[in-house]
Each structure stands twice: as structure tokens, then as C-alpha cells.
Amino acid sequence: MNYQERIEALFERTPSYQNVGKDAYKPGLESMLAFDNAAGHPHLNFPTVHIAGTNGKGSVSSMLAAALSYSGRKVGLYTSPHLTDFRERARIVTENGFELISREEVISFLDRFDDFISEAAPSFFEITTAMAFDFFASHQVDVAVIETGLGGRLDSTNIITPRISVITNIGLEHCAMLGNTLSEIAFEKAGIIKPGVPVVIGEIHPETRPVFEKKAAEYHCPITFAEERQLPQKEYLLNNLDLKGQYQSQNLQTVLTALEVLGMEYNETRIASTARHTGFRGRWERLSSKPDIICDIGHNAHGLKEVFGQLAAARRDYRRVHIVFGVVSDKDVEAVARFMLLPDNATDYIFTSPSTQRAMPVGELVSRLAPFGIHGKETASVGDALDLAISDASEDDLIFVGGSNFTVSDALDYFEKRPADL
């Protein structure tokens with residue numbers, strides 16, 4: 001089989017959380033440890049940085065990878081989910097930019113471990129985690145930044161013992177798997193804390209702070225709360241950062257604190273160009289101009305509160321705002337709805353369903369938002385929604401695309417396939 005056939009077979013053989021949701025979740029480390037043993041423990045060949053949290057993991061991981069690639073270091077970067085290309089999950093960042101795992105390396109890995117995968121039936125995420133570790137070891141990276149998938153304590157990535165553990169923030173998401181309160185979810189995220197390993201906490205919250213402090217004390221870990229640090233270089237970086245979401249302020253604070261704790265030398269310009277330097281996408285990313293079209297993958301109440309806050313602040317710069325919005329079926333729409341009403345009537349909502357089997361039908365989304373006074377047009381696909389928004393918008397308008405990773409992924413595909421039409 002060629003590369004595309006192998007990837008399609010992988011998704012068919014081992015359903016991913018990205019495609020089927022919680023049915024793909026496989027808690028526990030036994031299966032991952034067995035895979036790691038079969039692969040020869042590749043993660044022992046390089047030091048790691050471990051990142052967990054509800055939101056901001058990808059931004060923090062990418063900024064850290066950009067920073068650590070200074071002075072000739074070769075940095076592995078493992079993140080999920082991917083937006084348009086499976087290979088986005090494992091990349092190497094250097095002074096010269098980034099390189100995704102190659103198609104040939106993906107095929108080679110799947111060929112080498114085909115018998116193990118058939119016999120042991122690891123999860124999709126366990127396979128991709130083992131593949132990333134193998135890829136980083138084979139390229140002899142100097143350090144790897146590893147983002148958790150779900151939670152932390154039982155996450156497949158949690159077989160590593162990092163040089164530092166970072167927990168960005170805690171919000172109510174994946175409650176069926178992680179718990180129904182902030183403290184329960186914090187307990188799961190705190191599972192990445194290892195004996196004697198420094199830990200940085202990005203956001204201080206009265207319900208979660210005691211959970212982290214207790215775990216750190218139990219494991220004799222130095223613990224640092226990023227919000228309590230004074231970082232004079234932050235203002236320059238925030239003004240020059242190519243990740244433009246307002247929420248990046250807290251992520252940047254977390255990154256700079258982690259670098260301070262690590263005692264690592266870094267280049268501020270490299271952090272400022274994180275998106276360009278690492279290929280990181282989908283975070284308040286401008287896709288087109290006249291009209292401005294911006295997308296963001298914020299998809300839970302914790303993240304969308306920040307996104308719609310920024311939309312409200314940006315509203316004064318535009319004649320009208322058009323919001324293309326689609327979510328997945330397990331989304332708590334009611335929790336999100338209270339953030340969605342912008343402060344005046346110059347807003348048009350266009351609702352849609354992203355191209356995933358997990359998508360919430362657009363009719364259901366519309367009916368669940370209606371009681372909150374949020375009404376709009378219905379479209380069958382993100383492409384149709386963008387066609388409608390672009391046809392209705394003037395050059396002085398803003399079109400925002402969001403609600404789900406999948407909605408943003410569809411928008412990225414739309415612009416890659418139809419740039420000449422716009």
C-alpha cells in the first residue's frame with residue numbers, strides 16, 4: 001500500500017479519539033509500556049519536556065520547541081490532533097525551521113510493528129506516540145517536547161520522566177473520562193508530575209492549586225506558579241509574537257517561566273516567530289484579507305470564552321462580523337452559548353457541520369443555541385458556510401471560523417484548494 005492507503009488503513013484499524021471520540025480512549029499504561037518495550041524504549045535516548053492541561057498545550061509546546069531550537073539544538077515536537085496532515089503530530093524543529101516525519105518513515109514504522117499492532121491491539125494514540133518516540137530517537141534529537149493527549153496520569157505519553165513537567169490550565173472538558181470537577185481533572189493532569197522533577201503550573205485557581213501543591217509535596221518536586229513570576233521580557237515578546245490570540249499572554253508567561261526553571265538559554269526572536277518556525281497553525285490565524293478571515297481551534301467553554309472575548313474587542317474595527325461555527329456532537333453547547341453573543345447586532349452567524357463522523361448535525365446546533373437568542377443561517381459544510389460568508393461580506397468585515405478543530409481543518413483545506421477564487 002502507498003502512504004495514503006496506509007494512513008486510511010490505520011484510521012480504520014485503530015479508531016482515533018479525533019474521529020470517534022471517547023470510544024477510542026484507552027486509559028492505562030500497560031499497553032503503551034508493552035509497545036515501548038517492543039520498540040526498544042526509544043524515549044530513553046533523549047531528554048523530554050512534558051506538557052499537560054485543558055487549553056494551551058499546543059501553543060506552549062510549540063513556543064518551547066521554538067525556544068529550545070536555539071544554538072543548534074535539534075528539538076522533537078509531538079502534538080495532537082493534526083489539522084490537515086497526519087504527519088503534523090511528529091516534527092523536528094531546528095534553527096532552520098521544521099520538518100515533519102516523512103511518509104517513508106511512517107510506512108517503515110507501521111511495517112516494522114505490524115505484527116505487534118495486530119497481536120497487542122494498541123490504541124491509535126499509543127501507535128502515534130510510539131512512532132514519534134522512535135522518530136525522535138532515530139534522528140538523535142537533543143530534546144523532545146511532548147504534549148499529552150487526554151489527561152495525564154493515564155495518558156500514553158506518561159511513560160517518560162521529563163526534565164520538567166508543565167500544566168497549562170484546568171477547565172471542564174472530557175468530564176466522562178477525567179472527572180466532573182476542576183479538582184478531579186487537576187488530579188488527572190497532575191499525574192505527569194514525577195518524583196524530584198520541577199513542575200510549572202500556568203494558571204492559578206483556588207480549586208486546583210491545592211491539588212498540585214499536594215502532589216508536588218508528595219513527590220518532593222519544586223513547584224512554580226507562572227502567574228506569580230515577574231518576566232520583563234514578556235511585553236516585548238507579546239507585542240512581536242506571531243501567535244495573535246489574546247490568550248497567548250498566559251501561555252507565553254508559562255513558557256518563559258518553564259525556560260527560567262530549566263535554566264535554558266534561548267533567543268527571543270525565535271519565540272516570537274513560533275508559528276513560522278514550527279509550522280503551528282489554527283490559533284487566531286489569518287487566512288485571508290479583504291475581508292479578514294481568521295480561524296481559531298478553541299472548542300470548549302474555557303477556550304471559547306477567550307476567543308469570543310477577543311472577537312468582541314475586535315468588533316470595533318469592522319463593519320460586520322460573520323461567524324462560521326461548527327462543533328462536534330459531545331460539545332456542551334449550552335456552556336459555550338453564554339460567550340457567543342457579541343455586544344451589538346452587527347453579527348451574522350452561519351452554522352455548519354465539519355467533515356467528521358463526530359460532527360453535531362447543524363440542525364441540532366441551531367436548536368440548542370436558539371434559547372439563548374443566537375440565530376443564524378444553516379449550511380451543510382464548512383465550505384458552503386465560507387462561500388456564503390464571503391459572498392455576504394464587504395472588504396471591511398471580519399469572518400471568523402471556529403468551534404472545533406475539525407471546522408478549522410476544513411477551512412484550511414478550503415483555502416488550500418481554492419485560493420484563486422478568493
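Predicted model: local features only at pLDDT ≥ 70, side-chain atom pairs only at ≥ 80, totals over all residues.
In which kind of crossing, left-handed or right-handed, does helix 1 pass helix 5?

**Entry 1: helix 1 and helix 5**

I looked up the pair and found that helix 1 passes helix 5 in a left-handed crossing. By class, I count six nonpolar, no polar and three charged residues in the contact of these two helices. I then wanted names for them. From helix 1 come Y3, R6, I7 and L10, and they meet R103, V106, I107, L110 and D111 of helix 5.

A reminder to myself: two packed helices are described by the angle between their axes and the distance between the axes. Here the axes of helix 1 and helix 5, which spans residues 103-112, come within 10 Å and cross at roughly 50 degrees. Helix 1 and helix 5 are therefore oblique to each other.

**Entry 2: helix 4 and helix 12**

Helix 4 covers residues 57-68 and helix 12 covers residues 248-262, and their axes come within 9 Å, crossing at roughly 45 degrees. That angle makes helix 4 oblique to helix 12. Helix 4 passes helix 12 in a right-handed crossing.

Which residues of helix 4 meet helix 12? I noted S59, V60, M63, L64, A67 and L68 on the helix 4 side. Their partners in helix 12 are Q248, N251, L252, T254, V255, A258 and L259. Sorted by class, this contact has nine nonpolar, four polar and no charged residues.

**Entry 3: the second largest pocket**

The lining residues of the second largest pocket divide into six nonpolar, ten polar and five charged.

**Entry 4: a cavity**

How many cavities of 30 Å³ or more are there? The count comes to one. About 50 Å³ of space lies in the largest cavity. I wrote down its lining: Y78, F86, R87, R89, A90, I101, T128, M131 and A132. Helix 7, residues 124-138, gives the largest share of that lining, with three residues. By class I have six nonpolar, one polar and two charged residues around the largest cavity.

Another reminder: most residues other than glycine have a negative phi, and most peptide bonds are trans. I went looking for exceptions.

The peptide bond from S80 to P81 is cis, with omega near -5 degrees. P81 has its place in the loop between strand 2 (75-78) and strand 3 (90-94).

I also found a cis peptide bond from K290 to P291, with omega near 5 degrees. Where is P291? I traced P291 to the loop between strand 9 (285-288) and strand 10 (292-296).

My last stop was S71, which is not a glycine and yet has a positive phi of about 65 degrees.

Technical notes
Residues numbered from 1 in each chain as written. Heavy atoms only, no water. Nonpolar A, V, L, I, M, F, W, Y, C, P; charged D, E, K, R; others polar. Axes fitted to C-alpha atoms, helices over the stretch in contact; angles between N-to-C directions. Helix = DSSP H or I, 4+ residues; strand = E, 2+ residues; numbered from the N terminus. Parallel < 35°, antiparallel > 145°, perpendicular 65-115°, else oblique. Left-handed = near helix turned anticlockwise from the far one by under 90°. Contact = heavy atoms within 4.5 Å. 1 Å grid on protein atoms, 1.4 Å probe; cavity = no way out; pocket = protein on both sides within 12 Å on 5 of 7 lines; lining within 4 Å. Points joined across faces, edges and corners; volume = space filled by probe spheres on them.
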